[in-house]
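Hello,

Here is the structure I promised to pass on. My notes follow it.

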Amino acid sequence: MSNATMITKLLNSAIHSIKAVIPLEVEIKKPKMAQTNEVTSHLGVLIGMTGECKGQLILKAEPSTFGEIANSMFGMKVEGEMLFSFTGELGNMLAGNMTTFASQQGISMDITPPTVIEGKTTLHNIKNPVELPINVSGAGEMSFLLSIAEA
């Protein structure tokens, strides 16, 4: 399977996952190549992909966006350590759901445990990431980035 085909199938799986997991209206914008191999975030989660598809996926947003999503899911405000825990779990739910849908598209993969990224963090050496911008109604903007290793 070519990298372009795999990326398309993974992006479609990510969109399916986002719409299934986040209980708010989401507007998925057009995917684009990130302009740099550095990813900057104030709060996010990094999850590795293993198996047939190797790489990383990153979910990033402002803390307030993750907080509003948590509030919509649990009916309560989360902050501090609870917000970090929620951010990791949201990334895990999205990646797990994406993996399940990707397997239905013929991609065999698994995910690593989530790593929460806090503060103004820059990740280097993320190879050719594709960014899927998302507007979450009432919560704000977030990005789902996908980077796969060359086949």
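How many salt bridges does a search of the whole structure find? One. The term means a side-chain nitrogen of Lys or Arg within 4 Å of a carboxyl oxygen of Asp or Glu.

Before the details, the ground rules. This is a predicted model, where local features need pLDDT of at least 70, side-chain atom pairs count only at pLDDT 80 or more, and totals for chains, interfaces and linings use all residues. Residues are numbered from 1 along each chain as its sequence is written, and side-chain values use heavy atoms, with hydrogens and water left out.

The salt bridge pairs Lys29 with Glu141, and their closest N and O atoms are 3.4 Å apart. Lys29 sits in the loop between strands E1 (26-28) and E2 (32-33), and Glu141 in strand E8 (140-148), so the pair ties together parts 112 residues apart in sequence. Helices (H or I, at least four residues) and strands (E, at least two) are DSSP runs, numbered from the N terminus. Lys29 is partly exposed at 32% relative accessibility. Glu141 is partly exposed too, at 39%. Buried means under 20% relative accessible area, exposed over 50%, partly exposed in between (1.4 Å probe, protein chains only).

Now helix H1, residues 3-21. Its buried residues include Met6, Leu10, Leu11, Ile18 and Val21.

Regards
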